[in-house]
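Here is a friendly briefing to read with the model open beside you. Take it one topic at a time, and find each residue as you go.

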Amino acid sequence: QTVKKRKVTLRIAVPDDAGALVAIYAPYVLNTAVTYEYEVPSAGEFRRRIVHTLENYPYVVAEVDGEIAGYAYTGRLGVRAAFAWAAETSIYIREDMHGLGIGRKLYDALEKFSQVQHIVTLHSAIAWSEDENDPRLTRGSTAFHRHLGFTETAHFKHCGYKFDRWYDLLWMEKTLGVLPERPEPFRPFPTLTAEEYRACLGEK
């Protein structure tokens, strides 16, 4: 059996996933500039974040042969009322699980959920280094988002400081479908039906 044949399945995160998700996130905090957090959150804090996200948005976990291998979620882009139809994405893949197509599967699910929720645009904030050979940050995330149809819309200079150096922030975005003249009301995640959940997760 080759690595490429390993089965990737998606499901909605539950609070008890916190420990496993922190373990995936921790190396990004400690060893990279991918996230601008300095300290690894506790499992309790991560549990709180999962619960908070699921109040309005999807939080999707990817499993490879039944083992948690990555996760992605959306959140409101801004707190004002007019931001209701824009969401920010986040994604993290376990270090030894890259190259299995997990990221694309997770983003496909986020896009489907977002469309059902009447979200019109997705936005992603991506750490950027001017140094192509930065040991703490590759340009893989930018290439990944571009491959999925995101385009760069803003470049904030020197807005993050980590590992004794300055980092930039790229904002990339994607419009989902045709921009409506008048969008339908935002649908909080818990109001979606079981059938919609299954369809967005790619279940038969």
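Helices α1 and α2 are roughly perpendicular to each other, because an angle of 65 to 115 degrees counts as such, and their axes cross at roughly 105°. Please keep in mind that this is a predicted model.

**Where α1 meets α2**

- Helix α1 covers residues 18-31, and its axis comes within 9 Å of the axis of α2.
- On the α1 side, the contact is made by Ala18, Gly19, Leu21, Val22 and Tyr25.
- On the α2 side, the residues making this contact are Ala43, Phe46, Arg47, Arg49 and Ile50.
- Helix α2 (residues 43-54) also lies across the strands β1, β2 and β3, running at about 120° to β2.

**Where α3 meets α4**

- Helix α3 (residues 102-116) packs with α4 at an angle of about 50°, and the two axes are 11 Å apart.
- This angle makes α3 oblique to α4.
- Gly103, Arg104 and Tyr107 of α3 make the contact with Phe144, His145 and His147 of α4.
- The crossing of these two helices, α3 and α4, is right-handed.
- Helix α4 (residues 140-147) lies across β4, β5 and β7 as well, and runs at about 160° to β5.

**The sheet as a whole**

- Strands of a sheet pair through backbone hydrogen bonds, and they can do so in a parallel or an antiparallel way.
- Here, 7 strands form an open sheet with mixed pairing, in the order β1-β2-β3-β4-β5-β7-β6.
- Which strands stand at the edges? They are β1 (8-12) and β6 (151-162); each has a single partner strand, so one side of each is left without a neighbour in the sheet.
- From one strand to the next, the twist averages 25°.

- Strands β2 (59-64) and β3 (67-76) run antiparallel and are joined by 6 bridges.
- To see one pair in this part of the sheet, look for tyrosine 59, whose bridge partner in β3 is tyrosine 73.
- The hairpin of β2 and β3 has 2 residues between the strands, and aspartate 65 in this hairpin takes a positive phi near 50°.
- Strand β3 is mostly covered, with 7 of its 10 residues buried.
- Between β3 and β4 there are 7 bridges, and these strands run antiparallel.
- Alanine 72 stands opposite isoleucine 91 in β4.
- Strands β4 (residues 86-93) and β5 (residues 121-128) pair in the parallel sense, over 3 bridges.
- Glutamate 88 stands opposite histidine 123 in β5.

- Is aspartate 134 buried or exposed? With a relative accessible area of 6%, aspartate 134 is buried, because buried means under 20%.
- You will find aspartate 134 in the loop between β5 and α4.
- Its side chain makes a polar contact with the side chain of serine 129 (2.8 Å).
- The side chain of aspartate 134 also makes a polar contact with the side chain of arginine 165 (2.7 Å).
- A further polar contact, at 3.1 Å, links the side chains of tyrosine 167 and aspartate 134.

**Tyrosine 167**

- Tyrosine 167 sits in strand β7, and its relative accessibility is 0%, so this residue counts as buried.
- Leaving out residues up to four places away in sequence, tyrosine 167 touches a list of residues including Ala33, Tyr36, Leu137, His158 and Cys159.
- Tryptophan 128 is another residue that tyrosine 167 touches; the two are 39 residues apart in sequence and 5.9 Å apart in space, C-alpha to C-alpha.

**Valine 79**

- Valine 79 lies in the loop between β3 and β4.
- Its relative accessibility is 73%, and the cut-off for exposed is over 50%, so valine 79 counts as exposed.
- Valine 79 and proline 41 are 38 residues apart in sequence, and their C-alpha atoms are 23 Å apart in space.

Terms used:
Residues are numbered from 1 along each chain as its sequence is written. This is a predicted model: local features need pLDDT of at least 70, side-chain atom pairs count only at pLDDT 80 or more; totals for chains, interfaces and linings use all residues. Side-chain values use heavy atoms; hydrogens and water are left out. Two strands pair if DSSP finds at least two bridges between them. Helices (H or I, at least four residues) and strands (E, at least two) are DSSP runs, numbered from the N terminus. Axes are lines fitted to C-alpha atoms, for helices over the stretch in contact, and angles run from 0 to 180 degrees between N-to-C directions. Contact means heavy atoms within 4.5 Å. Buried means under 20% relative accessible area, exposed over 50%, partly exposed in between (1.4 Å probe, protein chains only). A polar contact is a pair of N or O atoms within 3.5 Å; within protein, one must be able to donate a hydrogen and the other to accept it, and residues adjacent in sequence count only if both atoms are side-chain atoms. Angles under 35 degrees count as roughly parallel, over 145 as roughly antiparallel, 65 to 115 as roughly perpendicular and the rest as oblique. A crossing is left-handed if the near helix is turned anticlockwise from the far one by less than a right angle, and right-handed if clockwise.
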